[in-house]
Amino acid sequence: MTSQKVEIGKRFLPRITEKRWDHSIERKIFDQWQEGGIYKFKLGRVGKPFVIDTPPPSTSGPWHIGAIAAYSQIDMIARSARMEGKPVLFPIGLDRNGLNVEIYVEKYSNVKMRDMPREQFIELCSKTLDNLEGKMLDLMVRIGLSGDYDHKYHTDGESYRKLTQATFIELWDRGLIYEATRPNNYCHECGTTIADAEVEYEDLTSRLAYVYFKVKETGETLVIATTRPELICSCQLVIVNPTDQRYSKLHGLHAILPIYGREVQIKPHPSAKPEFGTGAVMICSYGDYTDVLLFRELSLTEILAAGPDGRLTGAAGPYQGLSMQDGRARILQDLQAQGLLVKTENIKHRTPVCSRSKTPIEIIPMKEYYLKQMEFVPKLEELAKRITFHPDASRQILLDWMGSIAIDWPISRRRVYATEIPVWYCKKCGTPFLPPPGEYYRPWRDPPPSAGCAKCGFREFEGDTRTFDTWMDSSVSALYISKYQSDPKLFRRAYPATIRPQGKDIVRTWLHYSILRCYQLTGRAPFSHAWINGLGMDEQGEAMHKSKGNVVEPEPVLEKFGADAFRFWNASEATLGSDFRCSEMRIAGAHKFLTKLWNLSRFISSFPQVKAAKLEPSDRWILAELASLIAACVKGYRDYNFFIPATEIRDFVWEAFASHYAEMVKSRAYGQGISTAQQKAAWYTLHTVLKNVLILLAPITPFMSEHIWRQLYSKRSIHIESFPKAAWSKSARHYTANILSFNREVWKIKKEKGLALRDPVEMNVPRGLSPFRDDLVRMHSLITST
Ligand SMILES: [Zn+2]
Ligand SMILES: [Zn+2]
């Protein structure tokens, strides 16, 4: 309701002179903060600092809008903790290790890692990362992250890699690491073993082939359905369900493999599902995890059909050297030609793929290092139950994952841009040699830090060429930022960290591995709170993909609407933990709210500030609403759920404050026929509400809050203020519904009669609202008969 015209005396010129919020000054405000050092971490003499285990973003390609949104919310955690009076350690780290980086560099520079000298590829990665990092830090500043830029860390930095290696050596000495050859997920595209946590499932269409086998003893045919006919060569068993009447006469007999003519046993086993295919199943090494379990359980001899290059091995006979896909097509042709194929049908098949390259994985036995985790699961579950989750429901994602863990963690990778495994081996007897912790080791190029083999005395060693799974690095971030083993005094105070913010997509990796590793090293959980936010989707709630053309680019949006609008949009978009939808239209909506608040602040800036006043009932009413707003916002902030303050403030400012209260007291504030005391009460209340709203909003919209605050209320930054206390009685809130509905009623009647808002109208103020009578009469120019 701004169309009501009021005579503005010369005295009442807005102190805020800019007509609109110009977000191009956000950068200048940020520089002011940096110069003032207002976010510097000071440990203080006593008490626990508030430590944020900031996720170091993966520096592998441009930043997704959903990620930027997440970091602006992590900044809200830092800012709200400061306003609670806590010393906040908000580290800025960059994750610069591993497959993501290598894949990006291969694509971006059009090279192949394995075709280049190792040293050269590492250098290329490092250079590319520096370039990407600059852009990333720019964006962090652009959105107002109040982190510790002076001490930013890199997971590929010497001090970080040193820590990863030291923790490995420590766990090795304690017997928690072993080497074993066992079937594991293998991505031939990435050329390495990967952990279960890095496997995703996609519903892919595949052909289910019904193939004739022959029963050796009876000569009858047995039809077996399979999606992997190219693995027939590695079949060592056929199983049928013990309860499946159709096959009970075959128990203990033998099946003859088509094409290869080799015979294998037919056994009853509960793993065979009677409803899938024909109910008879071939067990190969290795088509899926059931195969792995059965080979182990029944001590079958493995025949490896798939090689690490993603091609069929010599075991496949005529199909050797073909890719899995080509091999499959060729064997189907041959089966068809020999009359051994009954039919094929297309089915949707839940296919395990590599989470990085999206390549379907094979299960291949390789010699790898493992970190023990199975025996720790019960303890980890206990720790997970003690960590406070925000929202609480996200704990279950972690518990479900922990409950499904079936093997120890394979931690070695056949890659190059990551922390090296610090092990050398005696060239004669193979005995592993581990150096003392405290240095950064590169065994693929450094000389061994030992004169001779401890076992045989031989003087030549060979360095391990493998690297660690990058989660080995990221899982100790809480230790790194609290200066584990490098600053015992800080570590005692800063560990465990207060809060781990992260996305729900990396619960089974980063969250799980962090708890596992930090527990193994310190006997404690790495943090007390886990904050799990949702993911950024497109406007229809679909994941964003370049191929779908639905990606919202962050830079143009920030350019157009500014960081505050972006941040306010994100906070008010979805409650904590839910996925949120990204679109320019939604951000434009947030921008509108900021314009509203700007105009309101400008209006209020016209009036002088007074220290105290004798309040009128309308003033007491809006302060009652403010008291309730403060309580709700502070509660939301303490739960790190910024949706609550953002939406509560928006509703309060837009509705009760701007549309109703400000209109009710406008005439009074301008002093039209009003005593000075009543006028001052309006001034006092308008400023009190604005001041409190700005403080409450400061963690969400740090730039605009600061700008208005400094123009009107203080030379000092708003970001060193504390959250307000709700000092006013909330009792007048019982009038709220009546005030709002009476005003709406008057507006409606005027509209129906074709009257302007300031035109007089004959109407009485209802008895229930008599305390507000004078303000309401002036607001609506009511002509009353009572
Ligand atoms: Zn891969
Ligand atoms: Zn030796």
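Is Ser357 buried, partly exposed or exposed? Select it: Ser357 counts as partly exposed because its relative accessibility is 23%, where buried means under 20% relative accessible area, exposed over 50%, and partly exposed in between (1.4 Å probe, protein chains only).

A word on ground rules. This is a predicted model, in which local features need pLDDT of at least 70 and side-chain atom pairs count only at pLDDT 80 or more, while totals for chains, interfaces and linings use all residues. Residues are numbered from 1 along each chain as its sequence is written, chains are lettered from A and ligands numbered from 1 in the order in which they are written, and side-chain values use heavy atoms, with hydrogens and water left out.

**Stop 1: the zinc ion**

The zinc ion is coordinated by Cys187 (SG), Cys190 (SG), Cys354 (SG) and Ser357 (OG), at 2.2 to 2.3 Å; donors here are N, O and S atoms within 2.8 Å of the metal (3.2 Å for Na, K and Ca), and with water not among the atoms, sites may look incomplete. The 4 donor atoms subtend angles of 97 to 121 degrees, so the arrangement is tetrahedral, a label given to four donors if all angles lie between 85 and 135 degrees. The spacing of the donor residues in sequence is C-x2-C-x163-C-x2-S. Cys190, in the loop between strand 5 (177-187) and strand 6 (192-193), and Ser357, in the loop between strand 13 (341-354) and strand 14 (362-371), are 167 residues apart, so click both to see distant parts of the chain linked. (Helices, H or I of at least four residues, and strands, E of at least two, are DSSP runs numbered from the N terminus.) Cys190 is buried, at 1% relative accessibility.

**Stop 2: helix 6**

Now pick residues 289-297, which are helix 6; its buried residues are Asp291, Val292, Leu294 and Phe295. Among what covers them are strand 5, strand 9 (235-240), strand 12 (280-284) and strand 14. At the helix start, a side-chain oxygen of Asp288 comes within 3.1 Å of the backbone nitrogen of Thr290. Just past the helix, Ser299 has a positive phi of about 50 degrees.

**Stop 3: the largest core**

Jump to Trp621 and Phe652. These have the most contacts inside the largest nonpolar core, which has 124 residues. (Such a core is a set of buried Ala, Val, Leu, Ile, Met, Phe, Trp, Tyr and Cys residues joined through side-chain atoms within 4.5 Å.) Helix 17 (residues 643-670) gives the most to this core, with 13 residues. Not counting residues up to four places away in sequence, Trp621 touches (heavy atoms within 4.5 Å) several partners, including Ala656, Met664, Ile739 and Phe772.

**Stop 4: Thr685**

Thr685 sits in helix 18 (residues 676-697) and is buried, at 0% relative accessibility. Beyond four places in sequence, Thr685 touches Leu615, Asp619, Ile622, Leu623 and Tyr661. A polar atom of the Thr685 side chain lies 2.7 Å from the backbone oxygen of Ala681.

**Stop 5**

Then try Asn110, not a glycine, yet with a positive phi of about 50 degrees; Asn110 is exposed, with a relative accessible area of 69%. Tyr640 also has a positive phi, about 55 degrees, but Tyr640 is buried, at 8%.

Key:
Polar contact = N/O pair within 3.5 Å; in protein donor to acceptor, adjacent residues only side chain to side chain. Tetrahedral: all angles 85-135°; square planar, octahedral: opposite > 155°, others 65-115°.
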